[in-house]
Amino acid sequence: MENSIKVIICDDHSLFRQGVKTWLETKDNIDVVGEMEDGLKLVKYLKHVQPDVILLDINMPVMDGSAALVEIKKHYPNIKVIML
């Protein structure tokens, strides 16, 4: 969707991700462009897709949200991040 807000959801709880994704998809101007269960997968995914906003869980396995945030802001400073 052109001129939509591109969002990635990163949370280790699949039920939470699916609920947020389902709700966001009801909005005309929001496009969920990805969902991951850990920060490392998110950082790797950002090499291919840059969203406008990331919904980022703080407590996750492999790479937590705090560590992922450091990498995101270092390499993609224009992406907005909402910590959950």
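Mentor: Let us begin with the terms of accessibility: a residue is called buried under 20% relative accessible area and exposed over 50%, with partly exposed in between. Bear in mind that this is a predicted model.

Trainee: Why does Val 62 count as exposed?

Mentor: Its relative accessibility is 66%, and the cut-off for exposed is over 50%, so Val 62 counts as exposed. This residue is found in the loop between S3 and helix H3, which covers residues 65–75.

Trainee: What is the phi of Val 62?

Mentor: Val 62 has a positive phi of about 70°, although it is not a glycine. As background, most residues other than glycine have a negative phi.

Trainee: Why is Gly 34 called buried?

Mentor: The relative accessibility of Gly 34 is 13%, whereas the limit for buried is under 20%, so Gly 34 counts as buried. Gly 34 is found in strand S2, and, leaving aside neighbours within four places in sequence, it is in contact with Val 7, Ile 8, Ile 9 and Tyr 45, where contact requires heavy atoms within 4.5 Å.

Trainee: How far apart are Gly 34 and Lys 80?

Mentor: In sequence they are 46 residues apart, and in space their C-alpha atoms are 15 Å apart.

Trainee: Which residues of helix H1 are buried, and how do you know that they line one face?

Mentor: In H1, which runs over residues 14–24, the buried residues are Arg 17, Val 20 and Leu 24. Viewed down the axis of H1, they fall within an arc of 70°, and therefore they line one face of the helix. On the other side of H1, Leu 15 and Trp 23 are exposed, while the buried residues of H1 pack against strand S1 (5–10), strand S2 (30–36) and strand S3 (53–56).

Notes
Residues are numbered from 1 along each chain as its sequence is written. This is a predicted model: local features need pLDDT of at least 70, side-chain atom pairs count only at pLDDT 80 or more; totals for chains, interfaces and linings use all residues. Side-chain values use heavy atoms; hydrogens and water are left out. Buried means under 20% relative accessible area, exposed over 50%, partly exposed in between (1.4 Å probe, protein chains only). Helices (H or I, at least four residues) and strands (E, at least two) are DSSP runs, numbered from the N terminus. The arc is that of the directions from the helix axis to the C-beta atoms.
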